[in-house]
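Keep the sequence and the structure in view as you read.

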Amino acid sequence: MNVFGDAVLFLNDPFNWTRPGNGILVLLVQHLQISGAAVALALVVALPLGIWLGHTGRGGAFTVALSNVGRAVPTLALLTLFAVTPIGFGPEATTLALALFAVPPVLTNTYVGFRQVDRDVVEAARAMGMTGRQVTFRAELPLAVPLVMTGVRTAAVQVVATATLAALVAGGGLGRIINLGFGQQDYGQVVAGAIVVAALAVLTEAVFVVLSWVLTPGPRTLPGFLRPRRRRAAA
Amino acid sequence: MNAAPNPWIDPSYVVDNWDTILSYTTQHVRLTVLAVVIGSLLALPMALVARRSRWFSGPVLGLSTLVYTIPSLAMFAFIAPFTGLSETTVLVGLVLYSLVVLVRNFLAGLQSVPADVVEAARGMGYGRGRLLLRVELPLALPSFVAGIRIATVSTVALVTVGVIVGQGGLGQLIVGGFNANFYRAPIVAGAVGCVVLALLLDAVVALVGRLATPWTRTTSRRRAGRRAATAGSAA
């Protein structure tokens, strides 16, 4: 297909990467800054809340309802709504909107992660004389890490993916390449932008899979795609 | 600065632009319904094949995770060179996303059919086709409905991204308002319209699911009655 040839040509031109203003590298840095800030903001809100709700076992219906409502609200709508408030359009509005979308997955997974910790373990920890805080951070948290990290990974991938939409409402980030391409009827550039954006999303997913493997205490199994095939022992 | 009044909610905007809003809503509904229906029609055979062979289910599930990771804007950008600035571009993207949710849920539903029931039906002389139509599909239906509900709600939100090719349903109102010097009334109308539409379509699917599975209600009532009976006898 001709378009993919054009896309490769576009990506092969160093000027398209280093151009000041809207070169790929500048947009990539913007994209990562906005995404990083949004995820950090979401974590600051959702992690403590999720840990507290999960530890006390309160608010299960609330977290479920929140994640359901979150699915129904289009990201584009929220991005635009924040842009027309006094915050004004720009990185702040984008970050805030993306952070709001990152809260439900982190909150729900943290809550579920804490709730599904074996009650016997919690009981045993209490019986050993652990205080409420110790039970939370030394017994429940390590056991909840895999699910908590799943939430964080989902949120991060989603934020990196949706940050592209900021370009539709005059924001920065890698979506600009696609948007500009459509504006100039240059499908090579459109596809080039799509390749960069998709690659970044897949890369984010991979990084967080590895990160969650590193952070999970206890005996480790490699992430699925890295795990060597188990051979049957010779008889 | 004496700006013109720019209210968030403006009933006169809705009244004056009713025809425009209605046509965008129609497009939104059309795209959503078509995407979910086509997605379901494709997902069923895929789930059936995936259930039979692990050789097929591995790649299908892996590929669907990859599809879900690709940002929607990039997805439309990949498709646009082939189908142009048309509704088809949006539809193809939406079908791909809905497939991810649908295949997983359909597969889970089929796998949740109790083995004893299948065994019993076989023992009664059910052939493969009749087993599927009269036993497995009805038992898997609640799980199917759950998948279709999730797919519907997230598709409603995703349609808005179609603005990149000028076919975004209510998303056109949102971005149109943004581009018309941050005109708030259409932005709010589009955003609220999306959420209402998502809730409405979700309710419709849920209702159809309830009507299609009358036995789930009788069992739950009977079970509740039994629970009440045992509670009474225990007291």
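At which residues of chain B does UniProt place the feature "domain: ABC transmembrane type-1"? The unreviewed entry puts this domain at residues 25-205 of chain B. Bear in mind that the model is predicted. In it, the span 25-205 of chain B is 85% helix and 0% strand. Its end C-alpha atoms lie 18 Å apart.

Now turn to chain A. Here UniProt, again in an unreviewed entry, lists a "transmembrane region" at residues 32-53, 65-89, 95-114, 158-178 and 190-215. Take residues 32-53 of chain A: they are 100% helix and 0% strand. The C-alpha atoms at the ends of this span are 30 Å apart. Residues 65-89 of chain A are 68% helix, with 0% strand. Their end C-alpha atoms are 29 Å apart.

Next, look at where the chains meet. Chain A brings 31 residues to the contact, and chain B brings 29. On the chain B side, helices H4 (72-83), H7 (128-159), H8 (171-179) and H9 (184-212) each supply at least two residues. H9 of chain B gives the largest share, eight residues. By class, this side of chain B has 23 nonpolar residues, five polar and one charged.

Finally, find the largest nonpolar core. It holds 122 residues. Those that touch the most other members are A:Ala42, A:Ala102, A:Val159, B:Ala74, B:Phe76 and B:Ala77. Helix H5 (residues 87-111) of chain B supplies the largest share of this core, 14 residues.

Which residues does A:Ala42 touch, leaving aside those up to four places away in sequence? They are A:Ala99, A:Ala102, A:Val103, A:Val106 and A:Ala155.

Definitions and conventions: Residues are numbered from 1 along each chain as its sequence is written. Chains are lettered from A and ligands numbered from 1 in the order in which they are written. This is a predicted model: local features need pLDDT of at least 70, side-chain atom pairs count only at pLDDT 80 or more; totals for chains, interfaces and linings use all residues. UniProt positions are given in the numbering used here, feature names are shortened, and annotations may be inferred rather than shown by experiment. Helices (H or I, at least four residues) and strands (E, at least two) are DSSP runs, numbered from the N terminus. Two residues are in contact if their C-beta atoms, placed from the backbone, lie within 7 Å. Ala, Val, Leu, Ile, Met, Phe, Trp, Tyr, Cys and Pro count as nonpolar, Asp, Glu, Lys and Arg as charged, and the others, Gly among them, as polar. A nonpolar core is a set of buried Ala, Val, Leu, Ile, Met, Phe, Trp, Tyr and Cys residues joined through C-beta atoms within 7 Å. A residue is buried if 20 or more other C-beta atoms lie within 10 Å of its own, exposed if 12 or fewer, and partly exposed in between; C-beta atoms are placed from the backbone.
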